[in-house]
Amino acid sequence: MSFPRDFTWGAATAAYQIEGAAKLDGRGESIWDRFCNTPGKVANGDTGDRACDHYHRWPEDLDLMAALGVRAYRFSIAWPRIQPDGRGPANRKGLDFYRALVEGMLERGISPLATLYHWDLPQRLQDDGGWASREVVDRFVEYAALVFDGLGDLVDTWITHNEPWVTAFLGYGYGVKAPGVADWPQALAAAHHVLLSHGRAVNAFRDEGGRGEIGITLDLTHVTGEPEAARRLDGHRNRWFLDPVLRGGYPADLVELYEERVGPLEFVQPGDLEEIAAPIDFLGVNFYQPAVVRPSSVDGPLALEQVPSDGPLTAMGWTVEPTSLTSLLVRLKRDYGDVPLVITENGASYDDPVPDGQAVIEDPERVAYLRGHIEAVERAVAAGVDVRGYYVWSLLDNFEWEHGYDRRFGIVAVDFENLERTPKRSALWYRDLIAQHSEGS
Ligand code: FCB
């Protein structure tokens, strides 16, 4: 494979999925703590209380990455460690943890890519309506400023939000993720407030003379199937976020659909769209699978359903089709121009052999998934798309949200009994890929 010389090879995680130490050093409750402690919400009643105990084992985890030659680490900052109640001054111990973590990266030659929000809203803010309430926008900007101030001398690449579609629609529309609300008017308001908080945080970063680059990560998919249904799902999943961030407005076809089927979009106030369209330095793309759709009269406001795939699936039941990633990336360039792209997550869950003293855990399906998708990125680069980096999801097996510890995405296995880390074949494959690329460049 050939990639640009300065292409970034990274690995990604998120705070709640790996840190544990849920009550330590002043961390407040998040909506995920509350959700996990609500019976029936998370598989096996699993919680992030201990997770991978990365809060204590981070030096070992950074050593692991250094040994693999991983050049960049995408991690997220837990808002409730910085502001336990979601407002007020920074909790020094929270900032200190991330300062030590980032210094550890820099000592090992690993570049930090920090995500401000990967879904762990302070519960106190949810009590006031969470993302469905406009109040949260000011809270997020205040939090972002505390983090820029506390870590800005060490971190120079920032992501405001991870996957606004998931925050808004899985959290407030379908209710399968925290806070578990199933109410489409709230979901649409939440999506808008997430986007507005993104734009305002970007503007604050620039106004305060922030060093480095800032962007947002969207979870995008490549949609095909019955044309009308495909256009609707593409609007809902992709354009509802891409258009306001990159073009300054919501897509008219979806505005019409939502106003007709969900209610008026009264939460959009004059000036909001200008703020949301604050120029970004890069767009983060998380990609897992394509979607094939057909119309359906039963499935909510979108009136469509997914067509089951007859191809290979991951343990999540997600379709494996790398060519759809190339199509998505080429389409982004065609429709949205030359915004630099970074693949901020891509990876797969499989039922790997259980760690049992092996030196390496064999995971041939994950190796094939990663190879296929990295080749798909290469084809997009060869077609002229400006992709700057790739971050594998995930460094470690971890707490996979409502699926608990049952779904393993790591290139490094974690034994959740004794917390030992064991590399999988995919980690060694990734190490070799990075090394070959470096030699060849
Ligand atoms: C993404 C999330 C990430 C992880 C992967 C599998 O949607 O950003 O935290 O759960 O899916």
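Guide: Let us begin with a definition: a residue counts as buried when its relative accessible area is under 20%, as exposed when that area is over 50%, and as partly exposed in between. The model above is a predicted one.

Visitor: Is leucine 254 buried or exposed?

Guide: The relative accessibility of leucine 254 is 1%, so this residue counts as buried. Leucine 254 belongs to helix H11, residues 252–261.

Visitor: Setting aside residues up to four places away in sequence, which residues does leucine 254 touch?

Guide: With those left out, leucine 254 touches Arg232, Gly235, His236, Arg239 and Trp240.

Visitor: Can we read burial for a whole helix? How many residues of helix H8 are buried?

Guide: In helix H8, residues 164–173, the count is 10 of the 10, so H8 is largely enclosed by the rest of the structure. Among the buried residues of H8 are Trp165, Phe169, Leu170 and Tyr172. Just after H8, glycine 175 has a positive phi of about 70 degrees.

Visitor: What about the nonpolar core?

Guide: The general idea is that nonpolar side chains tend to be buried together in soluble globular proteins. Here the largest nonpolar core has 153 residues, and Trp32, Trp158, Tyr258 and Tyr430 touch the most other members. Helix H9, residues 184–207, gives the most to this core, with 12 residues.

Visitor: Which residues are in contact with tryptophan 32, leaving aside its neighbours within four places in sequence?

Guide: For tryptophan 32 the contacts are Tyr16, Val42, Trp119, Lys177, Ala178, Phe399, Trp401 and Glu402.

Visitor: Now helix packing. How do I describe a pair?

Guide: Two packed helices are described by the angle between their axes and the distance between those axes. Take helix H13, residues 323–336, and helix H14, residues 364–382: their axes come within 8 Å and cross at roughly 30 degrees. H13 and H14 are therefore roughly parallel to each other, and H13 passes H14 in a right-handed crossing. In this contact, Thr323, Leu325, Thr326 and Leu329 of H13 meet His373, Ala376, Val377, Arg379 and Ala380 of H14. By class, the residues of this contact are five nonpolar, three polar and one charged.

Visitor: At what angle do helix H5 and helix H7 pack?

Guide: H5, residues 92–107, and H7, residues 135–151, pack at about 50 degrees, and their axes are 10 Å apart. That angle makes H5 oblique to H7. The crossing of H5 and H7 is right-handed. On the H5 side, Leu95, Tyr98 and Arg99 meet Leu146, Gly150 and Leu151 of H7. This contact of H5 with H7 has four nonpolar, one polar and one charged residues.

Visitor: What is the phi of aspartate 25?

Guide: Aspartate 25 is not a glycine, yet its phi is positive, about 50 degrees. This residue lies in the loop between helix H1 and helix H2. With 32% relative accessibility, aspartate 25 counts as partly exposed.

Visitor: And what is the phi of alanine 51?

Guide: Alanine 51, also a residue other than glycine, has a positive phi near 45 degrees. Alanine 51 lies in the loop between H2 and helix H3. Its relative accessibility is 4%, so alanine 51 counts as buried.

Note on methods
Residues numbered from 1 in each chain as written. Predicted model: local features only at pLDDT ≥ 70, side-chain atom pairs only at ≥ 80, totals over all residues. Heavy atoms only, no water. Axes fitted to C-alpha atoms, helices over the stretch in contact; angles between N-to-C directions. Helix = DSSP H or I, 4+ residues; strand = E, 2+ residues; numbered from the N terminus. Parallel < 35°, antiparallel > 145°, perpendicular 65-115°, else oblique. Left-handed = near helix turned anticlockwise from the far one by under 90°. Contact = heavy atoms within 4.5 Å. Nonpolar A, V, L, I, M, F, W, Y, C, P; charged D, E, K, R; others polar. Core = buried A, V, L, I, M, F, W, Y, C linked by side-chain atoms within 4.5 Å. Buried < 20%, exposed > 50% of the residue type's maximum accessible area, 1.4 Å probe, protein only.
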